[in-house]
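Student: Hi! Could you help me look through this protein? I'd like to ask about a few spots in it.

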Amino acid sequence: MITRTRLAAGVCALLAALTAGLAFPAGAAAGEPTGQDAPKVDLVLDVSGSMRARDIDGQSRMAAAKQAFNEVLDATPEEVELGIRTLGANYPGDDRKTGCKDTAQLYPVGPLDRTEAKAAVATLSPTGWTPIGPALLKAAGDLDGGNGSKRIVLISDGEDTCAPLDPCEVAREIAAKGIGLTIDTLGLVPTAKLSRQLSCIAEATGGTYTSVEHQDELTDRVNQLVDRAADPVVTPVPAEGADRCPGAPTLKSGLYTDREEFGQQRWYRVDVRPGQELRASVSVAADRAVNPGYGVLLRAVTSKGREIVRGEAAGNGRTDAISTGLRYPKAESDDEDAPAETVCLGVSHSFSAASGVKATPGLPLELTVDVVDGPSPAGDVAAFGLGRGWWLLGVLILAGFLAGLVWGWLSRWRVAVWRTN
């Protein structure tokens, strides 16, 4: 049975609401926020020599960043644990190897002492290189541990100077660890090359990129990102799918994240009891340059390989993510001890890597699974993708039949009248 596009879109919208925690049970399901740990934010500031440039509201980039940081520190919510890391702040020399190690924790991630943090920021002076990649690796370590939200806010005015350690690849590796860390980036008076690099870093972890040319823009945006860290979030639970259904992990209702390489297929299992309905959706994100022409397929099959239902979507051109969904109701049983049915969920996509783009790690995917009490009767929402539309189809058939009879009678009557005259 092939799910129609409208049905798939409706399912995806419904599952998006479930993902936000609106429809999950009160108990802690997979991917549901527990509120046990405080949200953490690490502000990573570029203090390289180029920050001396005086092109932000008549002041230097460094002065604008300091003023913005002071205002952000005053407005940081009490529940947020905040730290500050620098890159290029300490080594003024020309030795590249040394310069690319120049990243340090200016203020440790933890409960915020505003006076101490402001004093630390005041000591900064534009100095050296721009080791973005090494700084991101260290910042990820600053936020290690805990199950609260984790966010890195990177502020830079120049692209990384420590190739071949590509900061985009570093961001993808961080995302592939499945630790729920988001990287947001801000470019100070950015060039086209810097915008591309910072956008790539943000996209790899589901973050945002913002171009900044005024001090108040910098303050407002960093404040927004710090406040966002304090909002309740659903952190996907890492799940490693298998190449075949028999060895796949069994999932319960919740939000899961995985990585799928080009040309790969991932399998997961879900137990559905009689009278329940399985609802599932998947999103695959293109976190790097991909070739035009792509699609994603989500299949539900029995343990013996017979396809039950599928959802699919396709496109061509630039995209950030592509999603599809499905639903499968299992009919009720008169036997109260009837066993659950193991449904195999298979995810595959047809993305292909552009020339020169690394194929690993695989593209990030998010899988939403929800098992709820099904409708009665179970078959009325899945019959050939029409659901309750069978009633409408029957009415249309009957109306068409009656209209045909009336039209035929009128035609014969008009012909008879014409012949009589």
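Student: Let's start with Glu-78. Is Glu-78 buried or exposed?

Tutor: This is a predicted model, and in it Glu-78 is exposed, with a relative accessible area of 68%.

Student: Which side chain does Glu-78 meet in a salt bridge?

Tutor: That would be Arg-114, with an N to O distance of 2.9 Å. Glu-78 sits in the loop between α2 (61–75) and β2 (81–87), while Arg-114 belongs to helix α4, so this pair ties together parts that are 36 residues apart in sequence.

Student: And how exposed is Arg-114?

Tutor: Arg-114 is partly exposed, at a relative accessible area of 21%. The cut-off for buried is under 20%, so Arg-114 with its 21% does not count as buried.

Student: Got it. Let's stay with α4, then. Which residues of α4 are buried?

Tutor: Ala-117, Ala-120 and Val-121 are buried there. They span an arc of only 100 degrees around the axis, which puts them on the same side of α4.

Student: Why would residues a few places apart point the same way?

Tutor: An α-helix has 3.6 residues a turn, so residues three or four places apart point the same way.

Student: Nice. What is on the other side of α4?

Tutor: Thr-115 and Ala-122 are on that other side, and they are exposed. The buried residues of α4, meanwhile, pack against α2, β2 and β3 (103–110).

Student: Which residue caps the N-terminal end of α4?

Tutor: Asp-113 does, with a side-chain oxygen 3.2 Å from the backbone nitrogen of Thr-115.

Student: What comes between α4 and α5? I spotted Thr-130 around there. Where does Thr-130 lie?

Tutor: Thr-130 is in the loop between α4 (114–122) and α5 (132–142). Its relative accessible area is 6%, so Thr-130 is buried.

Student: What joins the side chains of Thr-130 and Ser-48?

Tutor: A polar contact of 3.5 Å. Leaving aside neighbours within four places in sequence, Thr-130 is in contact with several residues, among them Asp-46, Leu-87, Ser-156 and Cys-162.

Student: Are Glu-341 and Lys-330 buried or exposed?

Tutor: Both Glu-341 and Lys-330 are buried.

Student: Okay, new topic: sheets! What is the strand order in the open sheet of five strands?

Tutor: The order is β7-β8-β15-β10-β13, and the pairing is mixed. At the edges stand β7 (237–238) and β13, each with a single partner strand, so one side of each is left without a neighbour in the sheet.

Student: How many bridges join β10 to β15?

Tutor: Nine bridges link β10 (residues 276–285) with β15 (residues 363–373), and the two strands run antiparallel. As an example, Ser-283 has Glu-366 in β15 as its bridge partner.

Definitions and conventions:
Residues are numbered from 1 along each chain as its sequence is written. This is a predicted model: local features need pLDDT of at least 70, side-chain atom pairs count only at pLDDT 80 or more; totals for chains, interfaces and linings use all residues. Side-chain values use heavy atoms; hydrogens and water are left out. Helices (H or I, at least four residues) and strands (E, at least two) are DSSP runs, numbered from the N terminus. Buried means under 20% relative accessible area, exposed over 50%, partly exposed in between (1.4 Å probe, protein chains only). A polar contact is a pair of N or O atoms within 3.5 Å; within protein, one must be able to donate a hydrogen and the other to accept it, and residues adjacent in sequence count only if both atoms are side-chain atoms. Contact means heavy atoms within 4.5 Å. A salt bridge is a side-chain nitrogen of Lys or Arg within 4 Å of a carboxyl oxygen of Asp or Glu. Two strands pair if DSSP finds at least two bridges between them. The arc is that of the directions from the helix axis to the C-beta atoms.
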